[in-house]
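Please keep the sequence and the 3D view at hand while reading.

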Amino acid sequence: GKGSSEFEKTLKINKSLPHFDICANSIGSKGAEEIARALLENNTLLTLNLDNNTIGDKGVKAMAQILKKNTKLQNLHLSDNNIGSEKGIKAIEEIISENKSLQHLALSGNNIGNSGLKEINAVLVHNSTLISIDLRWNNGLLE
């Protein structure tokens, strides 16, 4: 929406903002794509909170593409965003396996389920930068 393109402008222009919290703003996948593009130009943002924004698979995929290149972001909150499908899981796996700066990743309440949790667990083994990952309330139990 219009508001998310304003957020994109802010992140492109402001080079001193370390934390950006826009949880529960209904930005959707389009908004997540716009914010992801802004992260290409922003080298100062350390924390991005996109919790509860219905970004879906397309939104998390856009974040995964950018986070291959962004080396500053340390905290990413993607809880309650309906990203538990197979495409969403693949994007989460990309973030975990390819980004080298994230220390905290929040993914609670995304209906990831058993098989998704197992896939995420498999790539976590090879990640040396994450300090914490929040996988609560995802309708699955690792067996």
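## Model

The structure is a predicted model. Every value in this report is computed from that model.

## The nonpolar core

The largest nonpolar core holds 36 residues, and among these Leu-48, Leu-76 and Leu-78 touch the most other members. Helices α2 (28-41), α3 (56-67), α4 and α5 each supply at least two residues of the core. The most comes from α3, which gives six residues. In soluble globular proteins, nonpolar side chains tend to be buried together.

Leaving aside neighbours within four places in sequence, Leu-48 is in contact with Phe-20, Ile-35, Leu-39, Met-63, Leu-73, Asn-75, Leu-76 and His-77.

## Helix α5

Helix α5 runs over residues 113-124 and has 12 residues. From its first C-alpha to its last, α5 reaches 16 Å, close to the 16 Å expected at 1.5 Å a residue.

Which residues of α5 are buried? They are Gly-113, Gly-116, Leu-117, Ile-120 and Val-123. Seen down the axis of α5, the buried residues fall within an arc of 125°, so they line one face of the helix. An α-helix has 3.6 residues a turn, so residues three or four places apart point the same way. The buried residues of α5 pack against α4 (86-98) and β5 (132-134).

## The aromatic pair

The structure has one aromatic pair. The rings of Phe-7 and Phe-20 have their centres 5.6 Å apart and their planes at 80°, so the pair is edge-to-face. Phe-7 belongs to helix α1 (residues 2-13) and Phe-20 to strand β1 (residues 19-21), so the pair ties together parts that are 13 residues apart in sequence.

## Two buried asparagines in loops

Asn-53 sits in the loop between β2 (47-49) and α3. Its relative accessible area is 0%, so Asn-53 is buried.

Asn-99 is found in the loop between α4 and β4 (104-106). Asn-99 is buried, with a relative accessible area of 2%. The Asn-99 side chain reaches the backbone oxygen of Leu-67 at 2.8 Å and the backbone nitrogen of Ser-101 at 2.8 Å. Not counting residues up to four places away in sequence, Asn-99 touches Leu-67, Asn-70, Glu-94, Asn-127 and Thr-129.

## Leu-45

Leu-45 lies in the loop between α2 and β2. At 1% relative accessibility, this leucine counts as buried. Where the chain brings Leu-45 and Leu-17 together, their C-alpha atoms are separated by 6.0 Å, although the two residues are 28 residues apart along the chain.

Leaving aside neighbours within four places in sequence, Leu-45 is in contact with Leu-11, Leu-17, Pro-18, His-19, Phe-20, Leu-39, Lys-72 and Leu-73. Phe-20, a member of the aromatic pair, is thus listed among the contacts of Leu-45 and among those of Leu-48.

## Positive phi angles

Most residues other than glycine have a negative phi, and most peptide bonds are trans. Asp-80 has a positive phi, near 55°, and is not a glycine. Asp-80 lies in the loop between β3 (75-77) and α4 and is partly exposed, with a relative accessible area of 40%.

Trp-137 is placed in the segment after β5. At 63% relative accessibility, Trp-137 counts as exposed.

Terms used: Residues numbered from 1 in each chain as written. Predicted model: local features only at pLDDT ≥ 70, side-chain atom pairs only at ≥ 80, totals over all residues. Heavy atoms only, no water. Helix = DSSP H or I, 4+ residues; strand = E, 2+ residues; numbered from the N terminus. Expected span 1.5 Å × (residues − 1). Buried < 20%, exposed > 50% of the residue type's maximum accessible area, 1.4 Å probe, protein only. Arc of directions from axis to C-beta. Contact = heavy atoms within 4.5 Å. Polar contact = N/O pair within 3.5 Å; in protein donor to acceptor, adjacent residues only side chain to side chain. Core = buried A, V, L, I, M, F, W, Y, C linked by side-chain atoms within 4.5 Å. Phe/Tyr/Trp six-rings, centres within 6.5 Å; stacked < 30°, edge-to-face > 60°.
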